[in-house]
Amino acid sequence: MLMDRFSRRFTYLRLSVTENCNFRCDYCLPNGPDCTSRQAELSVPEIRRLVTAFAELGTRKVRITGGEPCLRKDLLEIIKTVKAVPGIEEVAITTNGYRLQRDLPAWREAGVDAINVSVDSLDPSTFHLVTGQNRLPAILEGIEQAIELGIPKVKINTVLLRGHNGGALPEFLEFIRQRKVSLRFIELMRTNDNVAYYQRHHISGQSIKDQLLSEDWALCDKSNTAGPAQEFAHPDYAGKLGLIMPYSRDFCDDCNRLRVSSLGQLFLCLFTEHHQDIRSFLQTDDSAPLKAALQSFVKTKKATHALLDESSGSTRHLAMIGG
């Protein structure tokens, strides 16, 4: 098993397959992506070797992220490859939903078990303002399609933004009243390129948590491959509501995930100061050297990030390693 000095076991790999994205979300890539990294993206054989080594060390869940994964022309092959690795029990994908309606049936057939779709507003004009795309109706139809297809886990990611969606809790709650989806509010996180934006738009999720608890929402138990969200359920709602609050002091206590960038760099934390280049280990099917390296690297993982000290490490933007 991959286990650090604090007895945290890592069963969840977040694998970025590209930094490229076709949205211009103002909290992430307001000026569009830097496409210089695309030429060196991990190949399918490299991805197979990477996931195999992680699986042999106890990883059970892989989330394919970006940027926007659907911009990889070989995404279906990537999904099938990851799904076929012995030991991998769940393959998830995070998407902005741009091609969700068109591609979702093929993703499901290839082996996708869970899907996260970014929806930062249910108001079309606000959605357009935040993302630079006027695609909200089609994305919402894609989410309905995911439910109808019977994908086991359908989640919606919403970055909390003062001035944009900070007061929209009633609308989001109404959305999940009859839909079996999990909607998660994510606190805006400071990165190296968004300090002023963060200061203008950050909202703490604690006020939402307090409201949910006062209205009889109950905190759900987590599985050992679950992400960082505190998830709440209510008997009057088909869906659930989650909160990802990285500025809470106990946020890192149950960390179970590691990240690998589309360039083959291991990030022990989303906000680490350093990364380890593991791509050289991906040139052979012999997984032993990579496994030994991973076990060594994970022992250097710190107890917590330094966001409370206003340090976001070397993370340039959230598209860099999939958030």
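## Labels and their grounds

Guide: UniProt, in an unreviewed entry, lists Cys 21, Cys 25 and Cys 28 under "binding site"; UniProt positions follow the numbering used here, feature names are shortened, and annotations may be inferred rather than shown by experiment. This is a predicted model, in which local features need pLDDT of at least 70, side-chain atom pairs count only at pLDDT 80 or more, and totals for chains, interfaces and linings use all residues. Residues are numbered from 1 along each chain as its sequence is written, and side-chain values use heavy atoms, with hydrogens and water left out.

Visitor: Why is Cys 25 called buried?

Guide: Buried means under 20% relative accessible area, exposed over 50%, and partly exposed in between, with a 1.4 Å probe and protein chains only. Cys 25 has 12% relative accessibility and therefore counts as buried. Cys 28 is buried too, because its relative accessible area is 12%.

Visitor: Where do Cys 25 and Cys 28 lie?

Guide: Cys 25 is in the loop between strand S1 (12-16) and helix H1 (44-56), and Cys 28 is found in the loop between S1 and H1. Helices (H or I, at least four residues) and strands (E, at least two) are DSSP runs, numbered from the N terminus.

Visitor: What is in contact with Cys 25, leaving aside neighbours within four places in sequence?

Guide: Contact means heavy atoms within 4.5 Å. With those neighbours left aside, Cys 25 touches Pro 30, Val 130 and Thr 131.

Visitor: How do you know that Cys 28 is in no disulfide?

Guide: A disulfide is a pair of cysteine sulfur atoms within 2.5 Å. A search of the whole structure finds zero disulfides. For Cys 28, the nearest cysteine sulfur is that of Cys 25, 6.4 Å away.

Visitor: Why are Arg 9 and Cys 220 called partly exposed?

Guide: Arg 9 has a relative accessible area of 47% and is therefore partly exposed. Cys 220, at 22% relative accessibility, counts as partly exposed as well. Arg 9 lies in the segment before S1, and its C-alpha atom is separated by 5.7 Å from that of Asn 256, 247 residues apart along the chain.

Visitor: What span is expected of H1, and what does H1 reach?

Guide: The expected span of a helix is 1.5 Å times one less than its number of residues. H1 has 13 residues and reaches 18 Å from its first C-alpha to its last, close to the 18 Å expected. Buried residues of H1 include Val 44, Ile 47, Leu 50, Val 51 and Phe 54. Among the elements that cover the buried residues of H1 are S1, strand S2 (61-65) and helix H9 (288-298). Just after H1, Gly 58 takes a positive phi of about 105°.

Visitor: What makes S7 and S12 the edge strands?

Guide: Two strands pair if DSSP finds at least two bridges between them. Here 12 strands form an open sheet of mixed pairing, in the order S7-S8-S9-S6-S5-S4-S3-S2-S1-S10-S11-S12. Strand S7 (218-219) and strand S12 (276-277) each pair on one side only. Two bridges join S11 to S12, which run antiparallel; Asp 277 in S12 is the bridge partner of Gln 265.
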